[in-house]
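Please keep the structure in view while reading.

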Amino acid sequence: MSTSGVQKRGSASTVRVRWPAIRVGRERDAVFGIKELQSEGEDEAAEEIRERVAEYERRIRNLESLLKERSEVQPQIMGQPLQPLPPSNLNDGMPLSTWVDNLRTEVEQYPLSGVLDLDPTLYEGPYQMNGEALSAVGSAVGQSGISNEASDESVLQSLDGLEPSAEFEEDAAILQDPLFQPASDLESLSIDDSIIVPTTTCDKSLPAPELGASLLAEFLVDFNTVFALYRPNEIAEHIRICYEGHADGTALAWASAYVVLGIAHRARAQSNVATPMDNELADYYLCRILPTVSGLLIAPPTLGLVQCLLGLSMLIRSSSHSQPSQIFISTALRIAQFLAYEDGEARDESVRDVEQERRVFWCAFMLDTVESIFSNAPTTHRREDIRAPFPDENPSDSLGSVVAAEGNWKINVFALRIRLALIQSKAIEEVFSVNARGSDLDTVAQSVLTQLESWRDNELFRMNPDQLMQLLYRSDLMHILAVEASYFATVFRIHAFLALGKNPLINPFSADVLAIIATQKEHGSYKDAERLLTHLTLIPHGDIGVCWMIKLPVVAAFTTVLSHHLHSPSKTLNTDTMRDYARILNTLRIMAEKSRDLELLRARDVCMAMFSRVETRLRVSWMEDRAGEGGL
């Protein structure tokens with residue numbers, strides 16, 4: 001008997017036919033064995049075999065009688081239970097449909113309701129089944145539709161001592177996790193209930209009211225003044241409602257509050273009162289928002305949703321893992337497109353803030369364009385599809401303007417960035433695009449460079465970095481630095497595009513391409529690169545938001561400046577400048593190690609190799625000058 005359980009036998013007539021054949025075969029084998037032993041003179045062995053044969057014959061007769069008794073008590077059926085198969089040629093025999101009908105009738109008449117006459121749990125032979133075999137037999141019995149109460153109780157009793165395997169316990173623990181359990185309110189959900197965005201209770205994550213008011217003020221002054229994302233009174237009212245506990249509980253409501261608090265901590269981390277905790281707290285609020293992304297994506301398209309997604313993208317761009325920010329920027333821009341192209345009659349114009357909607361659209365367009373410059377990807381929105389008019393240069397609320405720390409001097413940086421984004425969009429569509437290969441790329445590229453020079457002909461860029469340092473607040477300098485980096489990235493990419501065979505698929509910000517650019521003798525963007533690095537040396541830099549946002553332009557500027565000095569040595573590079581460049585290299589090292597960005601680390605190594613060569617050349621030049629003066 002095998003350990004896999006007892007299987008149901010065939011009909012009694014089949015068993016009776018098979019046993020005589022088995023008996024004859026065994027007798028024949030026994031006779032042959034006797035003749036061999038007698039020929040060898042082993043009479044004792046032959047006698048033992050005869051006794052075994054006699055015992056086998058007795059057992060066979062007992063088994064045949066037992067099978068005959070069982071066969072007599074079985075229900076009798078007229079004819080064979082199943083008809084033979086129809087012949088291969090259906091025209092010569094019974095039609096197939098008739099045969100199938102007969103078969104169905106006979107199967108229905110076959111008595112399947114009888115109780116199983118063989119209980120495996122009552123077997124007392126030498127081969128006892130273990131718990132797994134008994135479980136398999138019990139499962140097979142249950143699947144066949146035949147019940148046996150006594151057998152079921154015996155099987156359950158035999159499973160009491162069975163211990164589950166480690167794999168089973170691990171799977172059971174996973175399934176018992178609360179994440180796999182259905183929501184408690186699903187039973188009350190009827191088929192007519194509308195689908196709503198799930199509510200969240202995150203009021204316990206708000207800071208103390210005094211700190212919250214301070215962070216709101218820093219957000220409005222240091223960030224929202226230039227990057228006009230919210231109306232100050234509206235976002236302040238929203239924060240007050242959240243503190244009073246009257247928020248609607250949606251993911252959008254709390255995510256908008258956390259965006260304000262997170263960006264405020266990012267801005268504080270760049271100020272004179274910065275602490276290491278500021279960036280950590282900004283990352284904390286970012287982590288509070290990320291679990292609600294699914295709720296944001298299924299929320300109805302509104303201006304508040306676009307603002308929240310753009311704020312989330314700014315939090316991500318200024319973090320050590322800035323790569324996913326472009327996804328949220330693109331999503332926000334598409335929702336803004338939907339709001340802009342929606343029929344005006346379908347919306348209540350009395351509750352719309354058209355001016356703020358246009359500002360938010362331009363914010364999304366600016367971010368999308370600059371990310372396309374950095375990532376070598378196409379833009380989400382084309383210039384020719386823009387319907388929003390250009391914003392006012394002097395709005396009544398002065399949003400978008402940078403004001404001097406002393407005096408009346410101010411400039412609308414928001415409008416300046418929009419003009420730059422439009423030029424960048426033209427460069428992407430007419431120069432860097434794959435579809436632009438058939439045009440005169442040299443002419444179009446020079447046209448874009450000319451427009452960039454005209455754009456730069458502004459009083460803001462006529463001042464040198466030292467003058468701006470004395471004129472503006474530090475938070476405003478961070479915005480100016482971001483504009484400088486965006487401008488340089490565009491100029492650098494155009495010159496790299498022309499120098500590298502006009503291949504739009506080449507990303508000049510990658511480490512491999514930067515190593516190629518470092519071998520070139522001429523660099524059309526050298527002056528702009530030097531100005532960007534000078535800006536960066538005048539402000540504190542390190543693990544702060546603006547450095548994460550402009551890391552690619554900084555590496556490209558570093559490569560351009562050092563390559564220029566390697567191939568065209570000049571006296572403008574002194575020891576103090578090299579010391580400032582060493583600080584920038586150290587910042588790039590810190591950023592690469594924190595983000596574990598292998599590409600940034602490789603780009604920094606390219607810059608480090610050039611820096612070592614330039615530094616060695618300066619030391620040799622200094623020693624030669626000292627030797628010429630007789631100092632050695």
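## Helices α16 and α19

Start with a helix pair. On the α16 side, the contact is formed by L441, D442, A445, Q446, V448, L449, L452, W455 and R456. Their partners in α19 are V483, E484, Y487, T490, V491, I494, H495, F497 and L498. Sorted by class, this contact holds 12 nonpolar, 3 polar and 3 charged residues.

Helix α16 covers residues 441–456, and α19 covers residues 474–499. Their axes come within 11 Å. The crossing angle is roughly 160 degrees. Angles over 145 degrees count as roughly antiparallel, so α16 and α19 fall in that class. The crossing is left-handed.

## The chain as a whole

The model is predicted. The chain has 632 residues, and 41% of them are buried. Its secondary structure consists of 25 helices and 2 strands.

Residues 24 or more positions apart account for 75% of them. The chain exposes about 35,900 Å². Carbon and sulfur atoms supply 54% of that area.

## Helices α9 and α10

How do the axes of α9 and α10 cross? Helix α9 spans residues 251–269, and helix α10 spans residues 276–289. Their axes come within 8 Å and cross at roughly 160 degrees. The two helices are therefore roughly antiparallel. Their crossing is left-handed.

From α9, the contact draws on A255, Y258, V259, L261, G262, H265, R266, R268 and A269. From α10 come D278, N279, L281, A282, D283, Y285, R288 and I289. The contact residues divide into 9 nonpolar, 3 polar and 5 charged.

Helix α23 runs over residues 551–567 and includes H565. Is T559 buried or exposed? Its relative accessibility is 0%, so T559 counts as buried. Beyond its neighbours within four places in sequence, T559 is in contact with L514, A518, C607 and M610.

H565 has a relative accessible area of 5%. The cut-off for buried is under 20%, so H565 is buried. Which residues does H565 touch, leaving out those up to four places away in sequence? They are Y526, S570, T572, L573 and R617.

Most residues other than glycine have a negative phi.

How is S398 classed by accessibility? At 32% relative accessibility, S398 counts as partly exposed.

Definitions and conventions: Residues numbered from 1 in each chain as written. Predicted model: local features only at pLDDT ≥ 70, side-chain atom pairs only at ≥ 80, totals over all residues. Heavy atoms only, no water. Helix = DSSP H or I, 4+ residues; strand = E, 2+ residues; numbered from the N terminus. Buried < 20%, exposed > 50% of the residue type's maximum accessible area, 1.4 Å probe, protein only. Contact = heavy atoms within 4.5 Å. Areas by Shrake-Rupley, 256 points an atom, 1.4 Å probe, with all protein chains shown as cover. Axes fitted to C-alpha atoms, helices over the stretch in contact; angles between N-to-C directions. Parallel < 35°, antiparallel > 145°, perpendicular 65-115°, else oblique. Left-handed = near helix turned anticlockwise from the far one by under 90°. Nonpolar A, V, L, I, M, F, W, Y, C, P; charged D, E, K, R; others polar.
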